[in-house]
Amino acid sequence: MTQGAGQGPAVRTDTQRDFRLPVVEPAPHAVHGAHAGTTAAVVAGPHGDAPVYGAYPAYYDESPPTIPAQQGHGYGYGYGGYEAPYGTATGAVTGAVTGAVMGLSAGASVPESEPAPAPAPGEGDFEDYTPTQRDLPVIVRAPLGGPGDTLQVQYVPQDAVADGPGPLYVVGDVHGYLGELVAELRAQGLIDADLNWSAGNARLWFLGDFTDRGPDGIGVIDLVMRLSAEAAAAGGYCKALMGNHELLLIGAKRFADTPIVSGAGTATFQAAWLLNGGQRTDMERLQDVHLQWMSRLDAAVLVDDHLLLHSDTTAYLDYGDSVEDVNDTIHELLNRNDADITWDLFRKFTKRFAFRSEETGPQAVRELLGTYGGTRVVHGHSPIPYLLGEVGTEDGDDSRGPAVVGPHVYAEGLAIAMDGGVTMAGKLLVVQLPLND
C-alpha cells in the first residue's frame, strides 16, 4: 500500500440545471461571525418527488431570493449534504489557530444554505445518486434532554502497551475546521500547545475529508502532513485515508470546467466543488505537494481488527478483493489523469447509508468484513445525526440539534460512525479504539 504522509423562501426549479456555467465568486464573510447574504433554491430530487435542498449560486435562477445576513451562534445552521458551515462551539479557536499559529487566513468564502425539511431517503434512493445534488437535509439541535437529544457510545482510553504499538486513534471528517481539530487533538494529548506531536508511539488515522465547507482546509492538510513526519520520528505514526472531498478537490484542480456527462446532465468538477462547499482560499493556496499527498492516500486500511474506510458504502468492492488491491487500483486510476474516471471514483465514494437499514445494513457490513477482514468497520462521511434520523427545519436562533458526544455504533454493532457533524451542530470526533462498549 502507498500511504501519503435563513433564511427566506425557497424557490423550486422545475429541472436539474446544466453545470457548464460560469464560476461566480461567493460573497466573502467571516465564517465564525456575520454572514453575507446568498441565494437559495430547491430543486427536484432524482426521482421527481424528493426535493433536494441547498444553496445555489445566483446564476441558477433569474430572480432568486436573498437570505439576510446571519450572526454566528456557536453552532452550524445547516448541513444539506454538501452545504456550508457557519460556526461551531470552538469557533474562536479556529481564528486564533489559523491566523496566529499557522499564519493562515481565518476567513473564507462559504456559500450559505437555505434550511428546509426533507424526508430521510432510504438506501435504495441512492442508486441514481449524483454528486451534483445535495443529499442530506438540514440538521437542527433540540434542547438538551428534549426530543432529538441523543447519546452515542462513549469510549474509554486504553493504556498503550509498553513494548508494542502505541494506542490507536481515529479522527472523523474535519472539513476545514482547523481550530476544532487542534482543540480535540490537544484534549487527547496527541499534540502540545505548540501543535507538535506529543503522543510518542501512538497511531493516528484520519478518515478523510480535510477540506471544503470550513475555513481552512489547506491549513488542516499542512498540519496533518507535518504531524506525519513528527509522529514517525517519535516511533508512532499519523496517516490518512482518502475521502470523497479529496477526490473532488483533485478533480477541481486538474480538470476545472472540463465537461463530464453525469446522471444529472453535463457536470464539471469546478461546479461540483463549489456546490459542495469548495473554498476559494483553499484553491488559491493549493500546491502540487498537497495534490501529490492527497493522490497517494489509501482508500482503506485494516488495523487492529478495524476496517477503516471513509464512506459508508460497499463501492470499495468494485475495486478489488483485498485492501491492497483496492488501494492499488484507485491509485492507478487516479494516475491516468482522466476526468471521467476521476468523476466516477468521486461519484461512487459519495454514496452513503449502505449500513443504516436494519434489514440490509448488517449484511452489507459483513460483506465488506468478509472480503477485507476485521470485525468492525469504522467510517466517516455520513454525519451521525443524520444516521440517527434526527432531521428537521431551522426553527429560530436558539434552536439546537442532536447532541453528538461520541461515535455511533450501529448495524448490529458491526459499524462505527465517526462523522460527528462538525459542519452543523455536532462535534469533530477524535477517539481511541477499541471502543469500550
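Which residues of strand β11 point one way, and which the other way? Arg376 and Val378 point one way from β11 (residues 376–379), while Val377 and His379 point the other way. All of them are buried, that is, under 20% relative accessible area, where over 50% is exposed and in between is partly exposed (1.4 Å probe, protein chains only).

## Basis of the model

This is a predicted model, in which local features need pLDDT of at least 70 and side-chain atom pairs count only at pLDDT 80 or more, while totals for chains, interfaces and linings use all residues. Residues are numbered from 1 along each chain as its sequence is written, and side-chain values use heavy atoms, with hydrogens and water left out.

## The chain as a whole

The chain has 11 helices and 14 strands. Helices (H or I, at least four residues) and strands (E, at least two) are DSSP runs, numbered from the N terminus.

Of the 437 residues, 60% count as buried. The accessible surface comes to about 15,400 Å², and 50% of this belongs to carbon and sulfur atoms. Accessible areas come from the Shrake-Rupley method with a 1.4 Å probe; for residues, only the protein chains shown count as cover.

Strand β11 pairs with strand β10 (residues 306–309) in the parallel sense over three bridges; two strands pair if DSSP finds at least two bridges between them. Here leucine 307 stands opposite valine 377. β11 also pairs in the parallel sense with strand β13 (residues 415–417), over three bridges, and valine 377 stands opposite alanine 415 there.

## Helix α2

Seven of the 10 residues of helix α2 (residues 178–187) are buried. They are Leu178, Gly179, Glu180, Leu181, Val182, Glu184 and Leu185. Just after α2, glycine 189 takes a positive phi of about 75°.

Aspartate 328 lies in helix α8 (residues 323–335) and is partly exposed, with a relative accessible area of 42%. Together with Asp321, Glu324 and Asp325, Asp328 forms a patch of negative charge on the surface. Like charges are joined within 9 Å, nonpolar side chains (Val, Leu, Ile, Met, Phe, Trp, Tyr) within 5 Å.

Asparagine 335 is also found in α8 and counts as exposed at 60% relative accessibility. The C-alpha atoms of asparagine 335 and arginine 296 are separated by 9.6 Å, with the two residues 39 residues apart along the chain.

Key. Patches are made of residues with over 30% relative accessible area and no salt bridge: like charges are joined within 9 Å, nonpolar side chains (Val, Leu, Ile, Met, Phe, Trp, Tyr) within 5 Å. A salt bridge is a side-chain nitrogen of Lys or Arg within 4 Å of a carboxyl oxygen of Asp or Glu. Lys and Arg count as positive and Asp and Glu as negative; His and the chain ends are not counted. The place of a charge is taken as NZ of Lys, CZ of Arg, CG of Asp or CD of Glu.
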